[in-house]
Amino acid sequence: MKRLFKFLKKSPDRIAIAASAIGILLYLFLIPIWNNQGSEIAKFMAEDAVPDQPVKYGHYFVIIYFSLLIAIWSSRFVRQQFFKNGAILFIAIALSGNVLIYWTSEYLTIYARKIFFDYIEVPAIVILLLFFTLMVYKSKEQSSSNFKKYFYLVPIPLTLFFIILCQDIPLAAVITLLICILILSSNNQQTEKTDSKTKWYSITVKIIAIVLILISFAISFAIKYQPTNIVGENPEIQNEDFAKNSGIELYVFNTGFNRMAKALSPTYKKWRPCPIYLIKHPKFGYILFDSGISEKVALEGQSGLGFPMSFLFESKSKPEMLSFNQLKRFGVNPDEIKYLAISHLHDDHIGTVDAFKNAQLIMNGESKPKEGSLPEFKAASAFKESASVVGKSYDLFGDGTLQLIEKPGHTDSDLMILVNLDKGPVLLTGDAVVHADWLQSTDVERLPTQPEKAAQNRNNIRNLELKSPELIVFPGHDMPVIQKNRTDIFLVNPLFFTTAYLNIKN
């Protein structure tokens, strides 16, 4: 320890060494939090949903950014002020983008996260990496060491390595820069050459950087998550007379678990199931509602979601949990599915659509899938219009057993199905009702594209439950209590509904 202090005292870059070391240590400490394997202290640190907690999950990454800024600002291994000033500016911009992602996006739409990430943080951190590489390249002229002369070849390959490891560009670049600064500063014995006259642009850049940092810190500590409480329209609804003894049965499968990123929904951190529903009609055969998590997620894990969904959601599954594998094991060939209705176009609901080649795809008529991403679909409105207390409905078979309900709210293309089972009705909501506790709250969170309509849907469904206690509502990511006398509803592979099967904890 004495040798360390002696070395730091003599080193001209002691501040840069200390700052970069703090950033690296904090990064290593946070790895268990990001991987959900932290200690009780780490878990407490990550609890950004606690309103009165002054320091939240995202603050620690802000501190890592800040340690990088101090390390570059105080470093003396390079004398080119132009590159140093540029690096300082782009650190401040990247830091600002990071803060916008974790806090300001709470008060905008979920797409704000993608915009801030794509157009602020990632470009700034990439330019910063290039500036740093040029800094190191220019500094080789000041050194006789072969090691330092060729060190400029290290930052970019090392960043690519960390991108593969972390699946995150900013995180990979920041840890790379901290490691490189620590190495270069530890080997530096030269003092920085100072100009007798400070350049005006140097002062301007540093003032801009300081202002951005102060604003970022102010935002990160001032903004807290606040519920999006929308009471919404609450019209009186009539009693619904549901037919019984239809002979229809419902089979529920779980294809995996997911949860939203903390920046999107910090009050709900539970891992929740991603169910699909097989409807067995005695006359018209098999109808599937949603297709669940994708094969890529089951095989590749979180990275299988692709960008930007991998930053918005966490998802876990296994090959045996995929829709087509479970159906085959259950005794139903995917080719036997005659209709595949999709609740909306989010990845965890359309993951294995391609496995059902013979099925007629049905979606909300307002659905706009990316070109070539899904087969041609038939709009729910193409079927015979019928009346439903939940909203405008379309009778799939013309016998009143399955009603397709187009009700935007969670997305612009939400589709629900009201099914008259043998012993009573069920409502398959998709994410129009994300989970049961959402249905009981006035908080629609930051998720819906049409919050007012989402609140109205919630109210209608809630009122329908009061008017028709025999109705069972199946949320998009939750399981209701199913009475023992409901011999027309079957939970298939119950073990798949436990988080323990995927070795995850809520």
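Student: A salt bridge is a side-chain nitrogen of Lys or Arg within 4 Å of a carboxyl oxygen of Asp or Glu. How many of them does a search of the whole structure find?

Tutor: The search finds three salt bridges. Please note that this is a predicted model, in which local features need pLDDT of at least 70 and side-chain atom pairs count only at pLDDT 80 or more, while totals for chains, interfaces and linings use all residues. Residues are numbered from 1 along each chain as its sequence is written, and side-chain values use heavy atoms, with hydrogens and water left out.

Student: Which side chain meets Arg 272 in a salt bridge?

Tutor: Asp 478 is the partner of Arg 272, with an N to O distance of 3.5 Å. This pair links distant parts of the chain, 206 residues apart: Arg 272 belongs to strand β2 (residues 272-281), and Asp 478 to the loop between β13 (472-474) and β14 (489-491). Helices (H or I, at least four residues) and strands (E, at least two) are DSSP runs, numbered from the N terminus.

Student: Is Arg 272 buried or exposed?

Tutor: Arg 272 counts as buried, at 9% relative accessibility. Buried means under 20% relative accessible area, exposed over 50%, and partly exposed in between (1.4 Å probe, protein chains only). Asp 478 is also buried, at 16%.

Student: And what does Arg 259 pair with?

Tutor: Arg 259 forms a salt bridge with Glu 314 at 2.8 Å, N to O. Arg 259 is in strand β1 (residues 249-260) and Glu 314 in strand β4 (residues 313-316), so this pair ties together parts 55 residues apart in sequence. The relative accessible area of Arg 259 is 9%, and this residue is buried.

Student: Which residue does Asp 488 meet?

Tutor: The side chain of Asp 488 meets that of Arg 486 at 3.0 Å, N to O. Both residues are buried.

Student: Changing topic: how many disulfides are there?

Tutor: There are zero disulfides (pairs of cysteine sulfur atoms within 2.5 Å). Cys 180 is buried at a relative accessible area of 1%, and Cys 274 is buried at 1% relative accessibility.

Student: Which residues touch the most other members of the largest nonpolar core?

Tutor: They are Ile 64, Tyr 65, Leu 68, Ile 72, Leu 128 and Phe 132, in a core of 47 residues. Two or more residues each come from α2 (14-34), α4 (57-74), α5 (81-102), α6 (111-139), α9 (169-186) and α10 (200-222). The largest share, ten residues, is given by α9. A nonpolar core is a set of buried Ala, Val, Leu, Ile, Met, Phe, Trp, Tyr and Cys residues joined through side-chain atoms within 4.5 Å.

Student: What is Leu 128 in contact with?

Tutor: Setting aside neighbours within four places in sequence, Leu 128 contacts Leu 68, Ile 72, Ala 87, Phe 90, Ile 91 and Leu 177 (contact means heavy atoms within 4.5 Å). Apart from this core lies another, of 26 residues, including Val 252, Leu 402, Leu 415 and Phe 474.

Student: Where is Thr 429?

Tutor: Thr 429 sits in the loop between β12 (424-428) and α14 (436-439), and is buried, with a relative accessible area of 1%. Not counting residues up to four places away in sequence, Thr 429 touches Leu 415, Met 416, Ile 461, Val 473, Phe 474, Pro 475 and Gly 476.

Student: What about backbone angles: what phi does Asn 493 have?

Tutor: Asn 493 has a positive phi of about 55 degrees although it is not a glycine. Asn 503 likewise has a positive phi of about 55 degrees without being a glycine. Asn 493 is buried, at 17% relative accessible area, whereas Asn 503 is exposed, at 68% relative accessibility.

Student: Finally, how many helices and strands does the protein have?

Tutor: The protein has 15 helices and 14 strands. Of its 506 residues, 53% count as buried. Among contacts with a separation of 6 or more, 68% join residues 24 or more positions apart.
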